[in-house]
Amino acid sequence: MALTNLQVRDLETVLHPYTNQATIRDTGTLVLERAKGIHVYDVDGKPYIEGMAGLWCTSLGYGNEELADAAYAQMKKLSFTHLFGGKSHDPAIELAERLKEKAPVPISKVFFVCSGSEANDSQIKMIWYMNNAMGRPQKKKIVSRIKGYHGVTIASASLTGLPANHTDFDLPISGILHTSCPHHYRFGLEGESEEDFATRCAQDLEDLILREGPDTVAAFIAEPVMGAGGVIVPPKGYFEKMMAVCQRYDVFMIADEVICAFGRLGEWFGSSALGYKPNSISIAKALTSAYMPVGAILIPEEMYQATIVESKKVGTFGHGFTYSGHPVGAAVALKTLEIYDREKIIEKAAAKSPQFQAHLKALGDHPLVGEARGLGMMGALEMVADKRTKKAFEPKAGIGAKAVAIAQEEGVILRNLGDALALCPPLIISPEEIDDLFDRVARTLDRVLDHAK
Ligand code: PLP
């Protein structure tokens with residue numbers, strides 16, 4: 001199909017993130033123009049269900065007037081002030097208060113950032129800083145997980161455990177280690193129960209810590225449910241066992257809640273849904289329902305105390321972004337949290353989850369689907385060449401990308417994580433719209449099957 005004028009101009013000028021730069025020259029981009037509710041519309045006016053809530057973030061959907069008004073009002077009142085050197089403003093203070101109230105574990109302070117990558121980058125710096133302040137400069141290594149996703153800055157991409165984020169970027173940096181991926185379908189042994197698999201994952205972590213030397217291992221970071229790694233729900237008892245190992249070796253625990261916080265798993269924080277009790281937490285995305293780029297790390301008292309120790313030594317706490325706590329972002333985040341509370345968005349997401357998960361599990365019977373997995377209002381359908389042996393398709397076949405293209409024709413935007421099709425719609429999706437979404441996904445799978453034959 002010939003590319004439109006906009007598509008050609010796009011390809012001439014924009015380097016698209018996370019895109020196959022070779023194939024996009026033929027396929028062109030999908031140029032979107034407007035959106036309302038759970039639908040986005042392309043420049044020709046065709047509607048699509050946003051089956052991925054953008055990038056796991058637009059929980060309240062599109063065109064929310066209250067959020068737009070909150071941004072406009074704050075822009076007129078105080079469009080910018082920073083938080084450096086003792087400056088502050090009401091929206092940042094109130095937002096920090098709200099987040100401390102909501103946090104599932106004791107939190108001392110909130111440090112604002114603009115993205116998930118900045119949040120996790122800041123976590124690493126804070127861990128190093130804290131351990132220096134505590135007089136244990138050798139305790140610095142951070143353990144992440146194979147297939148974990150934590151961002152793309154040099155340090156957060158190092159935490160990420162996916163080959164595309166490392167290969168030829170000369171990553172990971174030293175001192176970042178990866179332990180096993182808790183995906184029972186792919187890595188569980190023949191006949192191994194979920195519980196036994198969880199025990200083995202915890203044993204892998206313990207072995208790694210002992211191999212490296214417990215005095216050198218500072219922290220463990222995990223998403224409650226892995227997102228970009230393929231929507232991987234850990235096996236039963238996983239976090240309980242992982243936490244026991246961390247506690248045994250005084251390893252600080254970080255929850256990367258960039259996707260899972262704010263109702264995605266039916267609770268305010270995904271950690272609560274999985275029995276994970278971290279020491280600090282990273283958030284972003286649904287904090288503003290993606291109306292503004294805002295993130296934060298929620299840190300415990302001992303980490304805050306380290307900033308006082310170091311300030312006395314160095315003269316300042318030398319970390320912060322121009323837009324840390326941007327007043328417009330903070331005002332939008334506050335309004336988002338108010339809507340979550342007032343409209344009972346989290347409770348309603350929990351109530352809709354069984355319908356969502358039932359649809360997902362039903363598609364597990366499709367001949368193309370090796371595993372249908374998910375929790376709350378997120379899930380994935382892993383397409384395989386052989387259901388019985390779990391044999392994957394040849395990467396060259398590009399089945400995942402093909403499925404996304406067909407889904408687009410069917411009027412639904414999905415994302416392929418390899419050959420797993422991810423689903424993560426706005427939390428405001430109605431029960432009827434959930435049925436509609438899955439009808440389109442089912443049609444997509446049938447057509448992919450025809451194509452794969
Ligand atoms: N952490 C998790 C769990 C994520 O899913 C993402 C992005 O998808 C990030 C961190 C990175 O966030 P950002 O893209 O805002 O830098």
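Me: How do the residues of the shell around the ligand divide into nonpolar, polar and charged?

Reply: There are 7 nonpolar, 7 polar and 2 charged. Ala, Val, Leu, Ile, Met, Phe, Trp, Tyr, Cys and Pro count as nonpolar, Asp, Glu, Lys and Arg as charged, and the others, Gly among them, as polar. This is a predicted model: local features need pLDDT of at least 70, side-chain atom pairs count only at pLDDT 80 or more, and totals for chains, interfaces and linings use all residues. Residues are numbered from 1 along each chain as its sequence is written.

Me: How many residues surround the ligand, and which are the closest?

Reply: A residue is near a molecule if its C-beta atom, placed from the backbone, lies within 6 Å of it. Here 16 residues surround the ligand. The closest are Ser115, Gly116, Ser117, Gly151 and Val258.

Me: Which helix gives the most to the shell?

Reply: Helices are DSSP runs (H or I, at least four residues), and strands are too (E, at least two), numbered from the N terminus. α6 gives the most, with 3 residues. Both α3 (53-56) and α6 (116-133) supply at least two.

Me: In what order do the strands of the open sheet lie?

Reply: Strands of a sheet pair through backbone hydrogen bonds, either parallel or antiparallel. Two strands pair if DSSP finds at least two bridges between them. Here 4 strands run β11-β12-β15-β14, with antiparallel pairing. β11 (369-375) and β14 (415-417) are the edge strands, each pairing on one side only.

Me: How many bridges join β12 to β15?

Reply: 4 bridges join β12 (residues 378-383) to β15 (residues 420-423). Ala380 stands opposite Ala422 in β15.
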